[in-house]
Amino acid sequence: MAPIGSLNFSGLASGLDTKAIIEAILRAERKPVERLELRQSRLGARQSALEELRAKLLAFRDTLRDLSSQRTFAGRTTALSQEGFLTASARPGAEVGLFAIEVLQLAAAHKVKSDGFFADDQGLVSDGTITIQSGDNDPITIEVSAANGNNSLEAVRDAINGAQAGVQASILFDGAEYRLIVRAEETGLANALAIADTTNLDLDDPANEVAAAADALLRVEGVEITSASNKLTRAIDGVTLNLLATTNGSPLTLQVEADVEGVIEGVRKLVQAYNEVIEFLAEQFDPDDPGPLGSDATSRRIQLRLQSLVTAGLAGVPVGAIRSLSSVGVSFDGRTGKMSLDTGRLQELLEERFDDVSRLFVASATATDPKVSFASSTIQTQAGDYAVQITQAAERATVVGSAPIQPSGLEQDETLTIAANGSSATVALAAGMDIAAVVNAVNAALREQGVEAFASDDDGSLRISTTRYGANQDLAVFSDLADRADGKQSGFDTTPATDTGADVAGTIDGVAASGAGQFLAAGEGTPAQGLKLRVTATSQDVTDRGGDFGTISFSPGLMQALMAELETTTRFGDGTIDRAEDRIEADLERIADEIERFEARLVAREAQLVRMFAEAERAIQALQAQQSALAGFLASF
């Protein structure tokens, strides 16, 4: 309450405590303001509680997002029948199965040593030239001379290491002499050292070879595989193998399985996050001790909607099949509404019917045509059957030599240059190479030089294509020889042969879709919005089918409906909680205005009361003065 203004006085004339009287009157008249302030406080508490609810719902949404992602159900574990020979790790989506593996040989780096010297920092190396090259790296040339002051082991070592050309050098003391050790940085035959040495180091002496370059050799499921490195990422799709030792003729077994424990942990987190939301809301709606949201209709609707969604069955899945959370070991307390998880039941189902459980949580789709497969979807994608029409197949950028290479092979040496998407590689072809040798040489060069293209045998002609599909793929191939188109050359000319790829084109559910490489995405504003398909059809397939590639049946998975609801509820700007907070904010502004107006009226009322009592005091004083004067007058008689 505002204090009494500057006309602060006591009832000297009347004997009344006028200040206390005014304060009491103002206090009584301020009761409506106090009720408004209480309402203001409750609305603020409700606003804070809504933000707390949003935070819990966002945590629940993040848990759902992790569980509903392809990564969770595509997780893989690896187990080896014997340890110590290799390690294995699997990426999400790796091929599941049992693989027999024999490690026949490890990849090795080429290593040589010098002759011995009694000191490493003195000029004991004779004048001469050392040339070292590892594979396709730039050669290292060192002109050693006393005049240059670089004729010690330390100086030669530093020159080799300073070149940074795929070769490492170090100095070792064997107990009697110092020796220079030179090794290729990378393992494999392709990185072997070529050394010419006219000094007394004798690095090119065959007797000074410490370890020969070698490729790794292993046998997987009876198929021999070579690798320049002991780390293999392509031997088994999605699996990385790190070779440690040879198995000495005794194969081991690698088992790649779905990560059941990862899925169980994901469901356990879902249960925990959901229960935190339900516990919070239960506290708010406690009839004996309600929280700030106890009378909030928005929060009550959120509670009922969540409970309805988590107990619902998946549309399109028959009763008795895995169609709801209760089908996979999740139960609900009828009193509290909280979830509990029977992990044993869930594990049993995952081990026996992993794909069926996956379809409950993760969006999936089944196509009637094998050339069409499901790639991804969004929370906007609705369940349904969608017709797929393809008008153009995706294509790689591809060029083909002018004529089949004759069985006798190339007539002379030739160099090809292959450029794809901003990268290029040069390939040295030797006279006598047949089509198989040419294809192998081109592919090896493309891999080593990091160009995303590959070569193949097209009825004897050399075909070169980009690795990827799409209109953003471009390719150019040319030779250092003019093409005679007689089968005695590669079939490419000094003028580049060029091509550009093409994106797939077509419709989904009768609406034009957008293509990028082999991927076709449904148009916006349609029930199929967000649906992305992979189309592996060829141009001939499109012609043969007349563009009709059947239908794809999409199921969003139970988690998608929950995520869509949570997105609508928690979204900043126009979400359910934000709209409720906007209404609260409007009420708070209205109350603040009312309080401000009421306080202004109270200030005016205070001034009025002060004036009234002041006038009353003056009147009483005047009467008292008259009384005193009259008494004095009467006393004079």
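Modeller: Contact means heavy atoms within 4.5 Å. By that criterion, and leaving out residues up to four places away in sequence, Leu-533 touches Val-372, Ser-373, Phe-374, Ala-375, Val-388, Ile-508, Gln-518, Phe-519, Leu-520 and Ile-552. The model is predicted: local features need pLDDT of at least 70 and side-chain atom pairs pLDDT 80 or more, while totals for chains, interfaces and linings use all residues. Residues are numbered from 1 along each chain as its sequence is written, and side-chain values use heavy atoms, without hydrogens and water.

Colleague: Why does Leu-533 count as buried?

Modeller: Buried means under 20% relative accessible area, exposed over 50%, and partly exposed in between, with a 1.4 Å probe and protein chains only. Leu-533 has 0% relative accessibility, so this residue counts as buried. Leu-533 belongs to strand β31, residues 532–535; strands are DSSP runs of E with at least two residues and helices are runs of H or I with at least four, numbered from the N terminus.

Colleague: What makes Leu-630 partly exposed?

Modeller: The relative accessible area of Leu-630 is 48%, so the residue is partly exposed. Leu-630 is placed in helix α11.

Colleague: Which residues form a nonpolar patch on the surface with Leu-630?

Modeller: Phe-633 and Leu-634 form the patch with Leu-630, and together the three have about 310 Å² of accessible area. Patches take residues with over 30% relative accessible area and no salt bridge, joining like charges within 9 Å and nonpolar side chains (Val, Leu, Ile, Met, Phe, Trp, Tyr) within 5 Å. A salt bridge is a side-chain nitrogen of Lys or Arg within 4 Å of a carboxyl oxygen of Asp or Glu, and accessible areas follow Shrake-Rupley with a 1.4 Å probe, only the protein chains shown counting as cover for residues.

Colleague: What makes a set of residues a nonpolar core?

Modeller: The members are buried Ala, Val, Leu, Ile, Met, Phe, Trp, Tyr and Cys residues joined through side-chain atoms within 4.5 Å. The largest such core has 61 residues, and Phe-60 is one of those touching the most other members. Helix α5 (260–284) is among the suppliers of at least two residues, and α5 gives the most, with 12. A second, separate core has 26 residues, including Leu-429 and Val-442.
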